[in-house]
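Please look over the sequence and the structure shown below before reading on. The paragraphs that follow take the parts in turn.

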Amino acid sequence: MDESTVTVRHLAEDPIANRSTEFVERKGLGHPDTICDGIAEAISRRLTEYYLDEFGQVLHHNTDTVQLVAGSTEPAFDGGELVDPIYVLLGGRATKEADGRRIPVDGLAIEAARDYFGRFDHFPMDFVTFESRIDETSAGLKSLFDTHGTPLANDTSVGVGYAPPSETDRIVSGLEPHLRESITAVGEDVKVMGWRSNDHLRLIVATAVVSRHVADIEEYVDVIERVEEVARRYARERTDRTVHVEVNAGDDVESESVYLTETGLSAEMGDDGNVGRGNRVNGLITPHRPMSLEAASGKNPVSHVGKLNNVVARNAAERVTQELGADHTGVKLLSRIGAPITEPMAVDIETTARDEESVRRIVDAELDRMESLSADILAGNIQLF
């Protein structure tokens, strides 16, 4: 890492702790945007595996363009009807021919997308249709990818990471899976918005309720009250602040216009989705922190700094926190297309750690490890959304 490209700013304290207000959001496993992120990454992994098996190397691809168009249902207590299926369009670019052989990219992509939907417990697989419009990768990007030695950056991009997570981060991040695992009637589509204001923490939870688990409006209300109780207890065990919880704020119980679903997903009846519109690589949306707008999911794991830089920045910030005891570290990496991925154009670090030499050493070490991240990403060991 060229020393002239690095700036380090020392902070007296964690800047988020000094704020009177903090917003944190998590779009859960079954949110339409998260589904699109998951599908995009599943396709990239499937293509990566195929390329490695057939050609001994990962060929160029970016499958970070997935759009979900919601279906329609007629939910009813004790079970309603599915009407029009969800439609998922798979886009992006991939190497479709190599060594004189055609590569079944579209078939692999649809197979990966279908397999991804299999994780939703309440979802019937005949209620979704897929179309692949993945085109041949561009010659320019392919030439960058094919360079021997250290891969060259696929894009000019900024990656951002910070550590440690705040108290609000941890509560919002953990609450979503906790609710799904704790209450049978709760579907996979759970969104949590946290608002920390001085000594108060407000949690606004939107949770899809699966119709066949509730016989009437009274049972639905019981489920919502149970969600509120579980959420409040979960948060109170992790904060000394006064906790306020609101669940399914859009419900009109009197008219029985409530968040009832057949599949546990809002995508069944009107909520569309796109890659990159949801969680960042730490699994959260944190508007009071610096964030990259890059969609990490689906970008190739070898040269696309839109994916790699965000992971490296997060890993570096975590290491500075753990090894140097920093109360806060933020890392930003700017890479230029065509330059080696391990040599960013500029690095900006802010931290409460005082040992600047050690901070630089840690960031440098994580950059040097960038080429080894592909295997961890392929194995699913790295969170991306």
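Helix α4 bends by about 30° at L175, where the bend at a residue is the angle between axes fitted to the seven residues ending there and the seven starting there. A proline, P177, follows within four residues of that bend. The helix covers residues 167-182, 16 residues in total, and spans 22 Å from its first C-alpha to its last. This is close to the 22 Å expected at 1.5 Å a residue; the expected span is 1.5 Å times one less than the number of residues. Helices (H or I, at least four residues) and strands (E, at least two) are DSSP runs, numbered from the N terminus.

The model is predicted: local features need pLDDT of at least 70, side-chain atom pairs count only at pLDDT 80 or more, and totals for chains, interfaces and linings use all residues. Residues are numbered from 1 along each chain as its sequence is written, and side-chain values use heavy atoms, with hydrogens and water left out.

Which residues of α4 are buried? They are T168, D169, I171, V172, G174, L175, E176 and L179. Here buried means under 20% relative accessible area, exposed over 50%, and partly exposed in between (1.4 Å probe, protein chains only). An α-helix has 3.6 residues a turn, so residues three or four places apart point the same way. The cover over the buried residues of α4 includes the strands β2 (21-27), β11 (157-163), β12 (186-197) and β13 (200-210), along with helix α5 (217-236).

One of the buried residues, D169, counts as buried because its relative accessible area is 1%. The side chain of D169 reaches the backbone nitrogen of S166 at 2.9 Å, a polar contact (a pair of N or O atoms within 3.5 Å; within protein, one must be able to donate a hydrogen and the other to accept it, and residues adjacent in sequence count only if both atoms are side-chain atoms). Leaving aside neighbours within four places in sequence, D169 is in contact (heavy atoms within 4.5 Å) with E22, V24, Y162, L284, T286 and R289.

The loop between β11 and α4 holds P164. A cis peptide bond joins A163 to P164, with omega about -5°. Most residues other than glycine have a negative phi, and most peptide bonds are trans. D78, in the loop between β4 (72-74) and β5 (81-84), has phi near 75° and is exposed because its relative accessibility is 53%. N198, in the loop between β12 and β13, has a positive phi of about 50° and is partly exposed, at 48%.

Strand β3 (residues 61-69) contains Q67. Is Q67 buried or partly exposed? With a relative accessible area of 35%, Q67 is partly exposed. Beyond its neighbours within four places in sequence, Q67 is in contact with C36, Y87, V88, L89, G273 and N274.

Two or more residues of the lining come from each of α1 (32-55) and α2 (105-117), and α1 gives the most, with six residues.
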